[in-house]
2 protein chains.
Amino acid sequence: MSTDSPTVGGGSFLIAWQLKSKHVLIVGGGDVASGRIESVLTADARVSVICPSTGLHPLAKKFIDGPHQITYHDRVFAGAQDLVGVDMVLSAIDDVAQSRVICSLCRERKIPVNVADIPESCDFYFGSQIRDGPLQIMISTNGQSPKLANLIKKRIERSLPQQAGKAIQKVGELRTRLRERAPGVGGQVSKRRMKWMVDVCTSWEMEELATLNEEMMKRLLDDGWEKNAIPRPETVGGIRKRGKRTASTLFSFEASVLPMLAFVAGVATATVLLASRTR
Amino acid sequence: MSTDSPTVGGGSFLIAWQLKSKHVLIVGGGDVASGRIESVLTADARVSVICPSTGLHPLAKKFIDGPHQITYHDRVFAGAQDLVGVDMVLSAIDDVAQSRVICSLCRERKIPVNVADIPESCDFYFGSQIRDGPLQIMISTNGQSPKLANLIKKRIERSLPQQAGKAIQKVGELRTRLRERAPGVGGQVSKRRMKWMVDVCTSWEMEELATLNEEMMKRLLDDGWEKNAIPRPETVGGIRKRGKRTASTLFSFEASVLPMLAFVAGVATATVLLASRTR
């Protein structure tokens, strides 16, 4: 939680909603609805889709025919009975009147709802999203500019450390093993565990964390946790990796090789010029 | 909506929840609760805090004493009656049994709830967050590594275009003006509006968009929208700005000034060496 950002209003409350085994109803099957289906499948939802087959986008069809937990109804939304046992509704149909009906039915039943094209009736909005394994990033402009959200998304994708997702996954595994080795909730052991994990995360490059395997984790816990130290990757059987090239990397191509080449070019130029003058 | 990312489960459903004028109950007043208060104030929620004054963190106290819409109750959670008219509950207390009670009371009433320290009982989780005006970014590792989420957050902050938030705000204003000038929902005009806005966003640097003022917007609409063109910033009264230095910027310091200095150093070195030899 950021406590250093200034408290100002006008924003949204960004959250990671849990849909595992929850029942999400998608009304509609066009291109927008297809994106919605994908988003909720990402979160392991149980999905129902209501849309006449004539209106199904190829992507929606692909999802429905695929190996996912989707129940498909080849018809239009039929009313309140379609909301029984439903935990969330995402509607994306070209019928504003019907959209409003769906909205108020959901509101009466306290079912969270998003209705495409009627922002004022939505409990929540979407943003541009990045996914890399356990890493998920959402970029929201609070409806001001979806295009800039998309451009910023691309910029962030380029700036992300290589294998960030894999590093996160491996650190998650390491944490689980550490908790098995030094169990207990709260108190000293919790604090020591947290501090040691933070030290590992800040001492190793993300690319190095991503190389963690079973043997390395065991050695890291034996030689690190047990001895209250943070061994380097190469001392637990790993390979020291250089960080990904970014503007903040000191020894980047631009900051090292290029000046070196330029220096050599300078020497060569001066030599040639002076040589031709002294001849 | 990303449609190019692979559809795999195991993730969350990242959303921007709308809390404007919604009633959020915060149970607890420690450091975690303080962060929660800040997050929901960001989204213009009406906030109630229930916590004995002896347990209030200075930050929570600051918020309660501040100019915000906060109702404070100097006591512990009293049961179901505290949930009347509440739209969301965030609990952060050091009492697991009481936390579980709050959770099930909320579930019965279909009130979205997050309870610190009992992840399996939460409807939603938080992530590391970045805020710059209308721009909001959330980084979630799905609970695998809060520390890496924080490191990635810092990396993203460094990679963001300067004044991204301001650019988004100005583009939002431009969109509103364009919609006033060329109103209508759906059909050709909607499509043309969307295409023109996208072209502006991709033709201008983010730093240039951030300089848009009233006069420039008027000229941009007159000379751009009306003539189906995308004028450059300098032709509508603005100044051409260079992009912020990032790894992807071709004319960065590392890629331009540094090699130049190195070249000069090379020339100088060779000159001195040759001069001393020929003397």
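This is a predicted model: local features need pLDDT of at least 70, side-chain atom pairs count only at pLDDT 80 or more; totals for chains, interfaces and linings use all residues.
Residues are numbered from 1 along each chain as its sequence is written, and chains are lettered from A in the order in which they are written. Local features need pLDDT of at least 70, side-chain atom pairs count only at pLDDT 80 or more, and totals for chains, interfaces and linings use all residues, while side-chain values use heavy atoms, with hydrogens and water left out.

The two copies superpose with an RMSD of 0.3 Å. In chain A, the C-alpha of G266(A) is nearest the axis, at 1.8 Å.

The size of an interface is often given as the accessible area lost when the parts come together. Here the area buried between chain A and chain B is about 8,800 Å². Buried area is the accessible area (1.4 Å probe) that two parts lose on being put together, summed over both. Carbon and sulfur atoms give 63% of this area. Chain A contributes 101 residues to the contact and chain B contributes 102, with contact meaning heavy atoms within 4.5 Å. Of the interface residues of chain A, 100% are also interface residues in chain B, so the copies meet through the same surface.

Polar contacts cross the interface of chain A and chain B in 33 residue pairs, both residues being at pLDDT 80 or more. A polar contact is a pair of N or O atoms within 3.5 Å; within protein, one must be able to donate a hydrogen and the other to accept it, and residues adjacent in sequence count only if both atoms are side-chain atoms. Helix α9 (residues 257-278) of chain A supplies twelve residues, the largest share of the side of chain A that touches chain B. Helices (H or I, at least four residues) and strands (E, at least two) are DSSP runs, numbered from the N terminus.

Two salt bridges link chain A and chain B. A salt bridge is a side-chain nitrogen of Lys or Arg within 4 Å of a carboxyl oxygen of Asp or Glu. K22(A) pairs in this way with D123(B), the closest N and O atoms being 3.7 Å apart. Over all chains, the whole structure holds 26 salt bridges. One of them joins K61(A) to D65(A), with closest N and O atoms 3.2 Å apart. K61(A) and D65(A) are four residues apart in helix α2 (residues 58-65) of chain A, and are therefore separated by about one helical turn.

The chains also share an open sheet of four strands, in the order β7(A)-β1(B)-β1(A)-β7(B), with antiparallel pairing. β7 (124-125) of chain A and β7 (124-125) of chain B stand at the edges, each with a single partner strand, so one side of each is left without a neighbour in the sheet. Two strands pair if DSSP finds at least two bridges between them. Strand β1 (residues 13-17) of chain A pairs with strand β1 (residues 13-17) of chain B over five antiparallel bridges. Within this pairing, A16(A) has L14(B) as its bridge partner. β7(A) and β1(B) run antiparallel and are joined by two bridges. Here Y125(A) is the bridge partner of A16(B).

Methods. Copies are superposed by least squares on the C-alpha atoms of residues with pLDDT of at least 70 in both.
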